[in-house]
Amino acid sequence: MVLLFAQIVSTKKPDGKTYKYLHIVESYREGRTVKKRRVASLGNISQYSEREIEQIIRTLESLLQHRTTGSLEDFETQQVLHFGVPYVVQFLWNQLGLTEAIRDALRDREVTFDVARYVQAMVIHRLVDPSSKLRLFHTLDDLYLPDWDGEPWQLQHFYRALDYLVNIKPQLERVLYGRLTDLLNFRLSLVLYDLTSTHLHGHACPLGEHGYSRTHRPDLEHVELGFLVTPESIPITHEVLAGNVSDKQTVPDILKRLKEDFAVEQCVFVGDRGMVTERNMALMAEAGFPYIVAFHKRGRIVSDALLEQFADVNAYHELKDNLRYLEVPATSVDDAEKAEGVRYILCYNPEKARQDAAFRESALEETEAGLKALAESLANPKRGRKPTDKGVMLKVADLLTRKGVEAFFQIDYKNGILTYRRDEDAITKETLRDGKFLIRTNTDLPAADVVQSYKTLMGIERAFHQIKNFLDVGPVYHWNERRVRGHIFVCVLAYLFEQEMQVLYRRQWARDKVAAESLAWVEDRSKALAELESRWYTGEAIVRELRRWKAVRATFLDKEFVSVTKAKDSVKAILTSLGIPTPNKTLSVTKAQQQHMTSAE
């Protein structure tokens, strides 16, 4: 075997200067002895610039069939890939064993494609770019996805995967609940339940009905989404219901599922005022679930008499986050469904009170402007038909009801003259309601714990915001009932991963805060705490950070490779908190002609 290599030889001349000569040297074996001989001399390299030396090397390499080195001009970027979200979701997905769980659940069915592969792609896409299945199909090459043995993607399989996903929903939810319980180490002592809605386009879905629209589109049919979550907003189960189903009708089935599907024998059920019926309270008691439910400031139970009796908010106890509470005697509450052992806690949020007051004042001012304009038009009528008394009062009623201030004005209209004034007594009485809500419970928990547990229900409200807005669950364009249910299940799975990221991240954040607070030097402690405060991330913020982390598919010489861009410090902190290893810089190297890539270990 003959080996050629470059050799630099330094020679000192009589003039005292040292010259460097570049030789091409051949190494060969003669018997047991390795010898060298000069093949060519390229002269004194000191006289060449770096660019000229590179040109010499490229010229020599052009004589070779297989090049081993190259320049920047040989590097060609083919595509930029979404990497951060797919990489993290794939890790957590494998940690939960979801591929095996889906395959096991479908084992007895005749399935001709890998459903898990398509579900995972849809979940990742929901977090990266929530949009249609068709758009996902056309942009799959923009995602860093595992090779899955090179099986080509097919559009119809995304829709069929939704059908299979609905079929195995109960089994999959039980598996996820069990594995998340182990992974996150939680014991379900508190569950939170609420409903939201999302609207549909078209009239073909049997679930679509007109009802109370929380998306403020009463003109469209919609479906209800019942959501049961842990105190950390990890979804346990969800139900997709007809759009005209009321909150209270959904409680019995949820209680049954808690008992039978998830083997939850004892926990506190937290819900909103829509869940409150005598029958539901009895069902909770029968199931062994104490409850915490709330009534907001309007309604018979939160009466004027109750608010006047306990108007002094300085007598309330203060909870963290500026929330105040006062346990009031049951005899002071006008509740027809009062039962033995039921307690009532009146709550006051100063920040919400300021918002309520500002909103009311704005509504009053806008209504006064409208009434003033109407009064002036009546005082200076234009040519045409004279307005009737009934027509004027209808306009007045429209102005008042549009802003919800009909109780706060006194109106008089006589002989074509409209006068109005604020009812200050009614407004003063209304201020007692600002920032107030009433909690009812049959638990024996301390009042502060009851209030904190109900406050946690805001987490589920955030879940609804995430599901409907961040993950873009609606509007739903599927017409088939199973596809609607499957589409929503994919959105819930995407939210589950986002929320799991938040839980794992914030738990590590809390540990880091304890460590920072224990630092001896004040300057070090302050600096560490300030750095932590700057990265107190929600799950949504974590996903946004991961979205910015890319990979590049490129070719160099005759090789195609996938290289990960440098992760920001914030991304590194996220990976550390989630217990996910930093990937190698180069994920795969293949022949340039090969189109599929292998995933990182």
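This is a predicted model: local features need pLDDT of at least 70, side-chain atom pairs count only at pLDDT 80 or more; totals for chains, interfaces and linings use all residues.
Local features are reported at pLDDT of at least 70 and side-chain atom pairs only at pLDDT 80 or more, while totals for chains, interfaces and linings use all residues. Residues are numbered from 1 along each chain as its sequence is written, and side-chain values use heavy atoms, with hydrogens and water left out.

A nonpolar core is a set of buried Ala, Val, Leu, Ile, Met, Phe, Trp, Tyr and Cys residues joined through side-chain atoms within 4.5 Å; buried means under 20% relative accessible area, exposed over 50%, and partly exposed in between (1.4 Å probe, protein chains only). The largest such core has 107 residues, of which Val119 and Phe269 touch the most other members. Helix α16 (residues 481-517) gives the most to this core, with 12 residues; helices (H or I, at least four residues) and strands (E, at least two) are DSSP runs, numbered from the N terminus. Leaving aside residues up to four places away in sequence, Phe269 touches a set of residues including Val191, Leu228, Met284 and Pro290, where contact means heavy atoms within 4.5 Å. Another core, of 27 residues, lies apart from the largest one and has Tyr454 and Val484 among its members.

Aromatic rings come next. Rings of Phe, Tyr and Trp (its six-membered ring) pair if their centres lie within 6.5 Å, and planes under 30 degrees apart count as stacked, over 60 as edge-to-face and the rest as tilted. The whole structure holds 14 aromatic pairs. In one of them, the ring centres of Phe437 and Tyr454 are 5.6 Å apart with planes at 40°, so this pair is tilted. Because Phe437 belongs to strand β15 (residues 436-441) and Tyr454 to helix α14 (residues 447-455), the pair ties together parts 17 residues apart in sequence. Both Phe437 and Tyr454 are buried. Elsewhere, Phe113, Tyr118, Trp153, Phe158 and Tyr164 form one aromatic cluster. The charged end of Arg117 sits over the ring of Trp153, 3.6 Å from its centre (NZ of Lys or CZ of Arg within 6 Å of the ring centre and within 35 degrees of the ring normal).

Strands β2 (residues 18-30) and β3 (residues 33-44) run antiparallel, joined by 9 bridges; two strands pair if DSSP finds at least two bridges between them. His23 has Ser41 as its bridge partner in β3. The hairpin has 2 residues between the strands, and Gly31 there takes a positive phi near 70°.

Finally, the structure holds 0 disulfides (pairs of cysteine sulfur atoms within 2.5 Å). Cys347 is buried, with a relative accessible area of 0%, and Cys491 is buried with 0% as well.
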